[in-house]
Amino acid sequence: MKKTRKEQAQETKKHIYLTALKLFETKGFDQVTVDEIVQKSKSSKGAFYGHFSSKYDIFLEKFKEIDHFYEEFTTTLPANLSFKERVISLIDAQMKYLKDDLGMDLMRSVYKSGLIENEENFFTNSERELYKILHSFIQKAINDGELSVQINIQQTVIYISRCMRGSLYDWLVYGKDFDLLQESKGFIDIFLDGLLTKEKSK
């Protein structure tokens with residue numbers, strides 16, 4: 001059966017996308033140009049810009065995959081986990097995914113793009129799945145009596161996500177000698193212990 005124009009367009013987009021990711025992986029994001037992506041994918045600039053506004057769009061699309069990963073992962077968590085166990089499990093899975101599936105080079109590019117005002121900034125997008133999941137964790141902890149009803153949920157979400165970003169930033173700064181999984185777990189563990197102790201004292 002002959003493919004429709006829409007199907008052909010989706011195949012072209014996927015081919016350009018996968019070609020670009022392979023180039024990013026082998027050469028480094030900053031060393032790859034749109035011209036090279038077009039050449040290696042045997043497409044045209046018109047086809048490229050018909051699907052992506054820049055090469056940043058490609059790694060941002062890749063980065064969006066983690067939100068789907070978060071959503072899938074949370075469905076596997078046992079219902080009887082405490083608030084602290086849920087958050088640590090999520091962060092542990094997150095760091096493994098970012099380290100092994102996205103890698104240091106793409107994550108470095110994500111952080112660079114976050115400093116450019118005209119780029120889509122995932123760090124401040126409160127509609128991301130990650131923030132919704134953290135919100136649900138905190139709400140459950142309130143319902144279960146682990147956290148006070150007076151806690152500022154949105155602010156706590158920001159604090160937890162800040163712990164995540166801080167660990168990732170240090171990983172990018174210190175390089176492969178930095179144990180991302182161990183360090184991020186240690187960081188969030190201290191924060192959560194402080195948060196829970198503060199809540200119990202109220």
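Student: Where in the chain is confidence lowest, and where is it highest?
Tutor: Helix 4 has the lowest confidence, with a mean pLDDT of 82, and helix 2 the highest, at 95. Here pLDDT is the predictor's confidence in each residue, from 0 to 100, and helices are DSSP runs (H or I, at least four residues) numbered from the N terminus. This is a predicted model, where local features need pLDDT of at least 70, side-chain atom pairs count only at 80 or more, and totals for chains, interfaces and linings use all residues. Residues are numbered from 1 along each chain as its sequence is written, and side-chain values use heavy atoms, leaving out hydrogens and water.

Student: And what is the mean pLDDT of the chain?
Tutor: The mean is 87, and 92% of the residues reach 70 or more.

Student: Switching to packing: at what angle do helix 1 and helix 4 cross?
Tutor: Their axes (lines fitted to C-alpha atoms over the stretch in contact, with angles from 0 to 180 degrees between N-to-C directions) cross at roughly 90 degrees and come within 10 Å. That makes helix 1 roughly perpendicular to helix 4, a label for angles of 65 to 115 degrees.

Student: Which residues make the contact?
Tutor: Helix 1 brings Lys 13, Tyr 17, Ala 20, Leu 21 and Phe 24, while helix 4 brings Lys 55, Ile 58, Phe 59, Glu 61, Lys 62 and Glu 65. Contact means heavy atoms within 4.5 Å.

Student: Now the largest nonpolar core: which members touch the most others?
Tutor: Phe 24, Phe 83 and Met 107, out of 62 residues. Helix 5 gives the most to this core, with 15 residues. Such a core is a set of buried (under 20% relative accessible area, 1.4 Å probe, protein chains only) Ala, Val, Leu, Ile, Met, Phe, Trp, Tyr and Cys residues joined through side-chain atoms within 4.5 Å.

How values were computed: Buried means under 20% relative accessible area, exposed over 50%, partly exposed in between (1.4 Å probe, protein chains only). Helices (H or I, at least four residues) and strands (E, at least two) are DSSP runs, numbered from the N terminus. Angles under 35 degrees count as roughly parallel, over 145 as roughly antiparallel, 65 to 115 as roughly perpendicular and the rest as oblique.
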